[in-house]
Amino acid sequence: MERLRYQLKSLEKIPVKVWKSSADGCRHVAQSIALAIRQKQQEGEKIVLGLATGSSPIQVYQELVRLHKEEGLSFHNVVTFNLDEYYPMQPDAPQSYVRFMHEYLFDHIDIKPENIHIPDGTIPMEKVESYCTAYEKEINAHGGLDIQLLGIGRTGHIGFNEPGSWEHSETRLVRLDAITRKDALKDFPHEEDVPYRAITMGIKTIMKAKMIYLLGWGEHKAAVLMRAIEGPITASVPSAFLQKHPNVKAHLDQSAASELTRFQSPWLIGMCNWDEDLICQAVIWLSQKLDKPILKLTDEDYAENSLSDLIIEHASAYDINIRIFNRLQHTITGWPGGKPNADDSTRPERAKPARKRAIIFSPHPDDDVISMGGTFLRLVDQGHEVHVAYQTSGNIAVHDHDARRFIEFLQETVNGDHEKVAGLQAHYQSMIDFLDQKDPGQADTAEIRRIKGIIRRGEARAAARFCGLDDAHIHFLDMPFYETGSPRKKPLGDDDIDVVAELLEKIKPHQVYGAGDLADPHGTHRVCIEAIFGAFEKLKGQSWIKDCWLWLYRGAWHEWPVHEIEMAVPLSPAELRKKRQAIFMHQSQKDRPPFPGTDEREFWQRAEDRNQATAQAYRSLGLAEYEAMETFRRWKFED
Ligand code: F6R
């Protein structure tokens, strides 16, 4: 996808810029905004910005703050209007957009407080209508929005203009779509705490902006972005109205762009510059479309499905079929650490050294076994020196009632020993009192966070021991970016990269496994993999790191598409059962963990379903039939 493999992109009705990473895209957008601010300053004018909340613009705000602190960008001439706010919502609640904007932007720049406008979630119901009219008027009184930043919701919403929103809608009170409420659950402790309504600018308000940036990062945005950018203009995908805007640009990373036709099936829109990866993608697409094993595809199948170029330019269906079949066949291995003394020319991993040092990095304490429990077990059984490194404490994802159970356990262990432990008893009681009085969504104290972290450590240790590790090979990194006590995390810092680099340097592994599923709702996996990339970059001068291969796994949130898989490790029914037992060690995550995302299934079910679906996909392509498969893609560093 890095290379230009298509010559037409005619189905896109919104101009799209695809970035290698969200960080690059956000830096660019922030710098464009900074340029506009400075231009207006030179002209002695103010600039009016329409701002969004949510995960999409966070890195833009971080870059704007950096530009203010390090490059003297002033916001004295900036007026802002936020898109929306939950209703009802107190401004100091952890989920409020007022708080969000202050935490990520306003508290760190020199904007005048009177220039900040965010819909007020405390307005009494009978005054909301006139309040919304006044908000709209205020935007117009400032001359309208010069630049509007937008994210996109899974429903296709912009602002909180849910499906069904009218093209001529203005600022108003709206009901949130059930899917949006589910997605918002990532910031609220329970479903019932998520507001049913919000105040939002309308489609018309947004469309009047002179310039619009639509931001989309991550696989979970790919399907809806495809509909917004290529689909018909319809109120059932409100973001598709943006197709009518004369000055809109979508900034996407490669994952968010992945379902656009030019990446998904570029042969449908024009000539392709065929390479082996693209041929593989096309053959798998054709086989899946026709529900026919690869080796049975005919010249006619290619010709009738927009793939005649491939046959004309390259080879007969027969040759292509065999080539791609073999390529997929070679991704399958029961030896994820390499097969000793075997010819490794077509195997995913090297045969030497026969006994490798491997580090499995696990963003949360259970991603290792959820995503690659079967491979973990195999690596240990096959005699490699395996280490597991838990990158974050995972402490926000423990229910209060679980924490309380452990505190009471501690309390009871010291019962009766009155004099010696009076202080301890009082200490435990104060923690219980805190939990008793805690408001929904209130952040935990440092002590409670510690208890929750210890609960997850114990579970991780139990699962890793179950997979055959001794304690010296289990590492807890407690990366600092995660330790905010709330689902909102700090940006990746040098201190995060340093803890990863230190471990790498100590072990000098031949193999590293990292989480490449960037769709997790809080972005923790994204930061964790960035830390690994950062550590490799830091250590790149050292000779051993040149021989260290980085394998990316997925599983907790989604799976690799088949054409991207470079190593597929089959699991027998017994291995799958054992993997399930390892996941069960994570008792605090069973049944319904806090912040489960939008998937109703438990993590072990998601993992099994995905691993079995991959095996099924291989079988349907005409390869061998396995019970389940875990899959990996090798990350290749650019020099
Ligand atoms: C936020 C807003 C929403 C979000 C959208 C995407 O002010 O209006 O439309 O932009 O829900 O949210 P994230 O960026 O968190 O995926």
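**Strand pairing and nonpolar cores**

Colleague: In which sense do β4 and strand β8 pair, and over how many bridges?

Modeller: β4 and β8 (residues 197–200) are antiparallel, joined over four bridges. Pairing requires at least two bridges found by DSSP, and strands (E, at least two residues) and helices (H or I, at least four) are DSSP runs numbered from the N terminus. This is a predicted model: local features need pLDDT of at least 70, side-chain atom pairs count only at pLDDT 80 or more, and totals for chains, interfaces and linings use all residues. Residues are numbered from 1 along each chain as its sequence is written, and side-chain values use heavy atoms, leaving out hydrogens and water.

Colleague: Which residue of β8 stands opposite Tyr86?

Modeller: That is Ala198.

Colleague: What is the strand order of the open sheet?

Modeller: The order of its three strands is β4-β8-β7, with antiparallel pairing. β4 (84–87) and β7 (172–175) each have a single partner strand, so one side of each lacks a neighbour in the sheet.

Colleague: Turning to the largest nonpolar core, which residues touch the most other members?

Modeller: Tyr302, Phe361 and Leu504 do, out of 63 residues. Such a core joins buried (under 20% relative accessible area, 1.4 Å probe, protein chains only) Ala, Val, Leu, Ile, Met, Phe, Trp, Tyr and Cys residues through side-chain atoms within 4.5 Å. Helix α18 (residues 524–539) gives the largest share, nine residues.

Colleague: What is Leu504 in contact with, beyond four places in sequence?

Modeller: Its contacts (heavy atoms within 4.5 Å) include Ile359, Phe361, Ala535 and Trp544.

Note on methods
Buried means under 20% relative accessible area, exposed over 50%, partly exposed in between (1.4 Å probe, protein chains only).
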